[in-house]
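Please take a moment to look at the chain before I describe it.

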Amino acid sequence: MAIHPTALVDPSAELDPSVEVGPFSVIGPNVKIGAGSVIKSHVVINGYTEIGENNEIYQFASVGEANQDKKYKGEPTRLVIGDSNVIRENATIHRGTVQDQSITIIGSGNLFMASTHIGHDCVVGDNNIMANYAALAGHVKLGDNVILGGYTGIHQFCQVNSYSMCGMGSMVSKDVPRFIMVSGNPAKAHGMNFEGMRRRGTPKEVIRALKNAYKRVYLKGSTLESVLSELEQSPDYAIPEVAKFVMSIRASERGIIR
């Protein structure tokens with residue numbers, strides 16, 4: 001195990017023998033870190049925190065620290081992080097609260113750029129990108145393959161669904177449906193991420209059906225309920241991507257950005 005002599009690693013922390021820990025980093029007693037992970041200099045990892053394999057955590061990041069909820073009274077809540085994530089300089093990721101499920105969950109393959117923040121009780125999926133200074137308030141759910149531009153702010157309890165994109169400086173206070181691109185303060189919808197779909201090899205007929213679904217929801221001027229009912233009864237609903245788009249709207253509790 002390559003632990004720099006200036007690092008402070010609690011003897012009861014569980015680190016795989018292949019883990020590297022850089023100078024002046026601090027790792028607390030209830031921390032577990034999987035094989036191949038690299039903890040660079042001046043990193044603090046605290047709390048009941050479990051980190052998977054092949055993660056990279058850069059200098060001055062704070063991972064698993066007590067959350068910023070005034071109701072938090074030191075309960076032994078948790079943070080669980082998957083595999084192959086990159087957590088850059090000054091990022092902060094907080095553990096959960098007993099008012100929710102007592103856990104913050106991060107998936108795998110994510111890139112959290114410098115000074116990003118993930119608040120307590122968030123659930124983050126796989127292969128997301130949060131650009132510099134993007135922040136998730138408490139209880140936010142982030143799907144898979146989401147891109148958050150720099151300085152994006154997501155309000156507490158919001159859901160940002162898979163394959164969506166938030167432009168730089170977006171202030172998001174309602175849910176973002178699957179595939180939708182938003183930007184602005186307050187954020188508004190500006191189409192679907194069709195270019196991203198093309199790059200992923202999405203068939204033309206699927207893109208055509210999603211374009212039609214977007215027009216019905218955002219441009220038709222009808223009530224949301226009537227539009228969703230129409231889509232659910234249309235032949236396009238047999239296309240999984242269209243069904244998932246509709247279901248992401250149906251699942252919204254805060255209302256969607258339109």
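Predicted model: local features only at pLDDT ≥ 70, side-chain atom pairs only at ≥ 80, totals over all residues.

Let me turn to the overall dimensions. Along the principal axes, the C-alpha atoms fill a box of roughly 65 × 40 × 30 Å. The radius of gyration is 20 Å, which agrees with the value near 18 Å that a compact globule of 258 residues would have. Of these 258 residues, 49% count as buried. As for contacts between residues at least 6 apart in sequence, 31% join residues at least 24 apart.

On charge, the chain carries 25 positive and 25 negative side chains. The centres of these two sets lie 11 Å apart.

I now come to the secondary structure, which consists of four helices and 28 strands. Strands of a sheet pair through backbone hydrogen bonds, in either a parallel or an antiparallel manner. Here, eight strands form an open sheet with parallel pairing, in the order β3-β6-β9-β12-β15-β18-β21-β24. At the edges stand β3 (14–15) and β24 (159–160); each has a single partner strand, so one side of each is left without a neighbour in the sheet.

Which strand pairs with β24? The partner is β21, residues 141–142, and the two pair in the parallel sense over two bridges. Within this pairing, K141 stands opposite Q159 of β24.

Thank you for your attention.

Conventions:
Residues numbered from 1 in each chain as written. Heavy atoms only, no water. Rg over C-alpha atoms; globule rule 2.2 N^0.38 Å. Buried < 20%, exposed > 50% of the residue type's maximum accessible area, 1.4 Å probe, protein only. Contact = heavy atoms within 4.5 Å. Lys, Arg positive; Asp, Glu negative; His and termini not counted. Charge placed at Lys NZ, Arg CZ, Asp CG, Glu CD. Pairing = 2+ DSSP bridges.
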